[in-house]
Amino acid sequence: MTHATMLSSMTLAMFFDPGGAAARMMSLHPVDYAIIVIYFVMVLAIGFYLKKYTQSGEDFFLAGREMTAWVAGLSFVSANLGTLELMGWAGNAYQYGIMAAHWYWVGAIPAMLFLGIVMMPFYYISKTHSVPGYLQMRYGRAASGLSAVSFAVMTILMSGVNMFAMALVMKVMLGWNLNFSIWVSSLTVGVYVALGGLFSAIFNEVVQFFLIWFGALLIPILGLTESGGWSGVVARIHQNFPNQDFTHMWRPMAHFADNPMGVQWVGIVFGLGAVLSMGYWTTDFLVVQRVISAKDVRAAKLAPVIGSFFKMAVPLIVILPGLLGLAVLPFHLVPASAMQPGQHSFDEVLPLMLARYCGPGLLGLGITALIAGFMSGMAGNVSAFATVWTYDIYRAFMRKDASDRHYVTMGRWCTMIGLLISIGAAYIVTHFGSIMDYVQALFSFFIAPLFGTVLIGMLWKRATGPGGFWGLLAGTVSSIGMFTMVELDPSKVSLVALSPLAKPLAVDMWRALWSGIICVVVTAVVSLMTKPKTDVQLVGLVYGATELPSEGHLPLVKRPIFWAGVSLSLFLVLQWIFW
Amino acid sequence: MDTKPQASREGGGGKGSGRQVAVDLMDRPEKPHMLPVWFFIGVILAIYGVLILATGIYEYSDVPPTVLANLHAPIWWGALLVVVGVVYIERSYPRKKP
């Protein structure tokens with residue numbers, strides 16, 4: 001969401017072509033098809049292989065809590081590395097320059113480190129199976145139920161939107177039939193997740209992570225070779241686009257009017273870095289589930305830290321191709337809304353660069369990387385949905401005392417049922433394209449307030465159940481209210497984002513900031529008026545009532561805090577280099 | 001690695017050299033007797049490497065109309081995939097203890 005939601009309307013606008021007038025961008029050879037088929041065979045084989053290891057509820061929903069820090073960390077990043085995001089942010093890099101990297105660096109790294117070092121011990125020690133499960137223990141059924149229902153509904157709808165987006169991209173790029181893409185990819189994901197549960201989802205996400213990197217890394221390597229290195233890229237961009245600054249991240253951020261994004265540093269630092277990304281990376285169960293599956297607290301803390309290094313490197317295969325497009329493409333890309341026949345839009349830059357450098361074989365690997373990106377996101381959605389539905393809705397409100405085997409069976413069934421609902425949502429979107437934007441916006445309404453609720457619950461013993469519920473509700477309702485207000489009357493944008501010049505990305509950030517603040521204030525006020533829990537009831541859930549395991553006996557290189565420091569230092573150096 | 005005493009789930013870790021850290025993180029099976037994920041990664045990378053390398057050799061004298069085709073990227077990229085794949089398979093394939 002932090003990434004995909006913000007850009008997908010732009011990305012899909014380019015691909016959304018109900019009349020099917022767009023010509024395919026590239027053709028595949030037999031070796032390319034062989035590579036794609038082998039990928040599908042492999043992910044299904046992994047699902048069948050892991051079925052025998054997936055017997056209990058903990059196996060199916062939490063991968064047995066046996067994952068190493070590396071596996072959990074790579075899966076954590078991979079679940080977020082969707083193709084819509086890759087293509088959309090490459091397009092944003094072409095449109096806005098290196099500023100787009102803010103969404104990978106300030107918009108992810110501090111939040112991932114915060115999750116690992118501060119929040120993960122509580123998620124792990126509490127033995128929760130999910131984020132709504134933590135809310136259940138900390139605040140009670142009301143806050144947990146609100147969070148679980150909203151997450152389940154939105155996750156499954158988002159899965160449908162992504163499914164439709166994948167089919168559309170494949171249709172435009174390769175001429176594939178929409179129905180074929182939707183059914184083959186979703187049934188494959190459904191089969192391997194239903195067989196092996198989170199084990200299977202995580203294993204495949206790690207495989208997909210490698211394929212995405214090996215499939216996409218050739219573009220920057222060959223692009224830099226063609227341009228004569230980074231200095232050559234900068235020189236060519238200045239030559240092709242004189243008087244425009246595409247190669248600095250913070251310099252044009254003083255005022256809204258100074259940059260084409262219409263954002264300002266306050267919104268980037270506090271809206272994106274402090275609230276929106278924190279909300280996504282620390283409370284969206286889709287990604288947090290991967291880390292909860294770690295084998296011990298140290299692995300759980302280390303996994304997001306390991307993920308942060310790879311997340312920091314993702315601009316190499318996303319932002320750099322966009323910048324290379326500015327440097328080497330012999331024609332200029334245009335906004336999707338202004339595209340004429342024969343022209344290409346910003347968001348086509350990644351497939352254009354792929355086709356520029358990759359012939360038979362390598363093209364198949366690149367296309368497989370895109371398919372893998374879609375499927376890892378889809379698997380993340382359905383495995384998270386299966387857990388939240390089974391544990392936080394079905395077991396919490398419908399059938400409390402069934403056997404473990406019963407819940408595993410329920411998890412397998414709701415994986416397939418969830419996918420069928422997603423396919424239904426995909427077909428609804430096929431006929432009513434404008435629904436997409438609203439579905440994606442809906443998901444963003446819950447993220448920032450949920451972060452406020454979880455964080456205050458972990459750090460403040462005085463927070464109470466009613467405080468948590470009303471804070472979450474107030475934050476969510478206020479977010480919806482601000483969104484509706486701006487939709488109905490765009491002139492009200494200055495009330496939310498403090499400037500009439502703010503663009504949608506900036507409005508999103510400010511809306512997240514306000515809704516997070518409202519959530520925290522309401523939680524605090526209601527908590528102070530209601531009866532608190534005792535310290536005994538808060539053991540394992542709240543800072544100050546929980547004994548955190550010491551790492552003092554470990555050598556420095558085995559301590560998560562050490563690697564978090566290294567990651568943070570690297571992050572700061574990157575800001576300085578591209579200031 | 002599985003023969004070592006299990007660290008507590010809460011604390012984790014234990015004393016070890018940098019080499020032990022790498023082995024602990026990369027090789028440990030997720031469950032006893034389960035093939036680690038690194039094995040599957042090795043297999044698919046090796047297969048892809050062979051296919052891409054073979055394609056690169058086949059089209060060596062008749063390169064496709066892509067930019068920088070003269071660098072023969074399929075050959076060295078395919079070879080890299082084969083090497084990485086074989087290393088992962090070799091390191092992660094479960095062996096019986098003597």
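At what angle do the axes of helix α2 (residues 37–58) of chain B and helix α3 (residues 73–92) of chain B cross? In this predicted model, the two axes cross at roughly 155° and come within 7 Å of each other. Angles over 145 degrees count as roughly antiparallel, and that makes α2(B) roughly antiparallel to α3(B). The crossing of this pair is left-handed. Where α2(B) meets α3(B), the residues of the contact divide into 21 nonpolar, 7 polar and 1 charged. As background, two packed helices are described by the angle between their axes and the distance between the axes.

**Where the chains meet**

Chain B also touches chain A, in a contact that takes 35 residues from chain B and 41 residues from chain A. On the chain B side, the elements that give two or more residues are α1 (18–27), α2 and α3. Helix α2(B) supplies the largest share of that side, with 11 residues. By type, the residues of chain B that touch chain A comprise 22 nonpolar, 7 polar and 6 charged.

**Chain A as a whole**

Turning to chain A, you will find 23 helices and 0 strands. Its radius of gyration is 23 Å, close to the 25 Å that the globule rule gives for 579 residues, so chain A is as compact as a globular protein of that length. Along the principal axes, the C-alpha atoms of chain A fill a box of roughly 70 × 55 × 55 Å. Of the 579 residues in chain A, 60% are buried. Among contacts in chain A with a separation of 6 or more, 85% link residues 24 or more positions apart.

**A helix inside chain A**

Which residues of α15(A) are buried? They run from Ile319(A), Leu320(A), Pro321(A), Gly322(A) and Leu323(A) on to Leu324(A), Gly325(A), Leu326(A), Ala327(A) and Val328(A). Because 10 of the 10 residues of helix α15 (residues 319–328) of chain A are buried, this helix is largely enclosed by the rest of the structure.

A residue is buried if 20 or more other C-beta atoms lie within 10 Å of its own; Met278(A) has 27, so it is buried. Leaving aside neighbours within four places in sequence, Met278(A) is in contact with Ala111(A), Phe114(A) and Phe451(A). By comparison, Gln95(A) is 183 residues from Met278(A) along the chain, and their C-alpha atoms are separated by 26 Å.

Two loop residues have a backbone angle worth a look. Lys127(A) has a phi near 60°, a positive value in a residue other than glycine. This lysine lies in the loop between α6 (109–125) and α7 (131–138) of chain A. Over in chain B, Leu68(B) is a residue other than glycine with a positive phi, near 60°. Leu68(B) sits in the loop between α2 and α3 of chain B, the two helices whose axes cross at roughly 155°.

| Residue | Other C-beta atoms within 10 Å | Class |
|---|---|---|
| Met278(A) | 27 atoms | buried |
| Leu68(B) | 16 atoms | partly exposed |

Terms used
Residues numbered from 1 in each chain as written. Chains lettered and ligands numbered in written order. Predicted model: local features only at pLDDT ≥ 70, side-chain atom pairs only at ≥ 80, totals over all residues. Axes fitted to C-alpha atoms, helices over the stretch in contact; angles between N-to-C directions. Helix = DSSP H or I, 4+ residues; strand = E, 2+ residues; numbered from the N terminus. Parallel < 35°, antiparallel > 145°, perpendicular 65-115°, else oblique. Left-handed = near helix turned anticlockwise from the far one by under 90°. Nonpolar A, V, L, I, M, F, W, Y, C, P; charged D, E, K, R; others polar. Contact = placed C-beta atoms within 7 Å. Buried ≥ 20, exposed ≤ 12 C-beta atoms within 10 Å, placed from the backbone. Rg over C-alpha atoms; globule rule 2.2 N^0.38 Å.
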